[in-house]
Amino acid sequence: MNDVVIEARDLTKRYGGATAVDNISFTVKAGEIFGLLGPNGAGKTTTILMMLGLTEVTSGTINVLGHDPAREPLQVKRRVGYLPDTVGFYDHMTAVDNLSYTAALIGIPARERRERILAALDRVGLPDVGNKKVGAFSRGMRQRLGLAEIVMKSVSIAILDEPTSGLDPQATSDLLEMIRVLKHEGVAVMISSHLLERVQSVCDRVALFNNGRIALIGTVQELATQVLGAGYRVDVEADGLDLEEKLRAVPGVRSVEPAGPNRFRLLAQGDVRSQAAAAVVNAGGALRQLAVDTPSLDAIYNRYFHDQAQLGAPHAT
Amino acid sequence: MQREGSPWRGMNVVFFRELFDHLTSVRMLVLEFLVLLFGATVVYFAAEQIRNTTAEDPFLFMRLFAPPGQTLLSFVLVLSILVPIMAIGLGFDSINGEYNRRTMSRILAQPIYRDALLAGKFLAGLGTLTVALVTLWLLVIGFGLLRLGVPPSGEEIGRLIVFLIVTIAYAGVWLALAMLFSVLFRSTATAALVGLGLWLFLALLWPALAQVLGEAISPSDIRFTMLGLPTPDTLAWQQALARLSPGTLYGEAVVAMLNPDAQSMTTLLAQFQGRIAAPLPLDQSLLQAWPQIVSLIAGMILLYVAGYVVFQRQEVRA
């Protein structure tokens, strides 16, 4: 599963004088969830539209499944599913009718259509509403219907633009779970989002966008190591004297912050749970809780751009 | 840059879905009802008039569509006014509606070209209008058969078929225009208003304005005015300007087809030369209406192409 399915090199898009996407390069492999993260207007959607051949590339190259989307858009669009930001359907038609329209456009043979549509609706948890008009659907249901369209299409790449925005927490985690299932089927998934923390858990790798450029790219851990100097966050809850000092002395710990009464947040270069536990016990403290996690992308993002601004680097303009 | 694959891929899917949508929509029902109501009224009066006054007329059926001497209460006039409304009603939200429903990017992410979407939508609109117009046409003929009790002659049927085709082309012009506006304006209300505004302008103001403008560009010669004749240059300008309106073209083509004994320039000439003005045969009438028919079809294609070019270059994101 190491095949590159999307490869962008020095991709640039200008609208008149404004540069929406500025010289970005990235690759996505099969069976990977790749996050395009960053604030609104950072160039994520434009990048997606260029991958689908829906907008022209100003300069640079992009290759999707071995095809150039500008020259062979049909080949690309046949195997790529796209869930646009706030996806729309024909409200006066039922869910099944909406999907059979796209199924016909895709070119799925008529006799297979109904079966595939029902299976897809089942997969996304909408088995009972197939014959209801989409006008009555909630936002979460529309997102699921959009995902059902991608499932029905049986694609190699799924591109989801802001799939979680406007969804409640339950709907969000359901949707992210469905995305994980897609990944396990070998589909390369690309998620764009401005809600960094919500999607960070599903992404294998992320690209942090800012002002049309990719500021950082890699796994969350790599980014954390690069920006914060530590790829692990260890939360310790323990009673004891001078624990902060003791924890700071543990090898590999970069920083210790108090995070409430008797709680400490450690940034470390490795999983230092056992060392931290030993330090607490050796200091005569009582360990209550110990957890390890990757640092949040929000923290990485903020720190990175804060640092950039202080350095006056061109990225932070 | 050569594109791979056929631009028509998926067009029939779009066509049939749009056609189904149009034919089942309340909007279409209302428009059909409107035309039927107006049409029935004027055709009824025309039939009554024919029964009372016309003893013997070789073109009885034509009178049903365009009663002689009647300009206000004719089926042709009702069509020339209502067909644009029908076409604008079908086309004003065809492209911008997809953007507003946020379905555009989802549909264009499927393996089709934009060509297929636009062409499918246009042909579906034209198909809907054709169905509606053919239905009306048959209804009027059927009514005529019942009420007048005379079957139309072969020549009359030929003339009526050409009339039907011209009417469909006229509808196509307005449909292409409405679709152009639906591409140009992101708001459906704006597109509808601009379309209807232009229609009102062309139907009510333009004929008078064309006269004034023609006079301004090439003033009348006093020598012709003294004789009570129009100055040829002025008349040419006025006609050319008036013909910018599809309504004028349609009117001229229809008069040529449905009024074989209409006073055209050639019949006037015949009178001067002492010949007897006889009704023109079908092929001569067709020849007379040919420039107008071609202009209508060319206008339709031109407006469609304008919409096509703008649509192809449009950014997908809302």
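Predicted model: local features only at pLDDT ≥ 70, side-chain atom pairs only at ≥ 80, totals over all residues.

Me: How many residues of chain A are in contact with chain B, and what area do the two chains bury between them?
Reply: Counting contacts, 35 residues of chain A meet 30 residues of chain B. Of the area buried, 57% is on carbon and sulfur atoms. The total that chain A and chain B bury between them is about 2900 Å².

Me: Which residues of chain A lose the most area to chain B?
Reply: Three residues stand at the top of that list, and together they make up 24% of what the chain A side buries. They are Leu74(A), Tyr90(A) and Leu105(A).

Me: How many salt bridges are there between chain A and chain B, and what is the N to O distance in the one formed by Lys13(A)?
Reply: The count between the two chains is 2 salt bridges. Lys13(A) pairs with Glu315(B) in a salt bridge. The cut-off is 4 Å between nitrogen and carboxyl oxygen, and the closest N and O atoms of this pair are 3.9 Å apart.

Me: Which element gives the most residues to the side of chain A that touches chain B?
Reply: Between the chains there are 15 residue pairs in polar contact, both residues being at pLDDT 80 or more. Elements of chain A that each supply at least two residues to that side include strand S1 (4-15), helix H1 (44-51) and helix H5 (139-153). The one giving the most, with 6 residues, is H3(A).

Me: How do the residues on that side of chain A divide by type?
Reply: Sorted into nonpolar, polar and charged, the residues of chain A that touch chain B come out as 17 nonpolar, 10 polar and 8 charged.

Me: What separates the centres of the two domains of chain A?
Reply: The domain assignment gives domain 1 (4-218) and domain 2 (232-293). Taken over C-alpha atoms, their centres are separated by 41 Å.

Me: Is Thr164(A) buried or exposed?
Reply: Thr164(A) is in the loop between strand S6 (157-161) and helix H6 (169-184) of chain A. Leaving out residues up to four places away in sequence, its contacts include Thr172(A), Leu176(A), Ser193(A) and Arg198(A). Because its relative accessibility is 0%, Thr164(A) counts as buried.

Me: What sequence separation does the salt bridge of Lys121(B) and Glu18(B) span?
Reply: Their side chains meet at 2.9 Å, N to O, and both residues are buried. Lys121(B) lies in helix H7 (residues 114-148) and Glu18(B) in helix H1 (residues 11-24), so the pair ties together parts of chain B that are 103 residues apart in sequence.

Technical notes: Residues numbered from 1 in each chain as written. Chains lettered and ligands numbered in written order. Heavy atoms only, no water. Contact = heavy atoms within 4.5 Å. Buried area = accessible area lost by both parts, 1.4 Å probe. Polar contact = N/O pair within 3.5 Å; in protein donor to acceptor, adjacent residues only side chain to side chain. Helix = DSSP H or I, 4+ residues; strand = E, 2+ residues; numbered from the N terminus. Nonpolar A, V, L, I, M, F, W, Y, C, P; charged D, E, K, R; others polar. Domains from an automatic or database assignment. Buried < 20%, exposed > 50% of the residue type's maximum accessible area, 1.4 Å probe, protein only.
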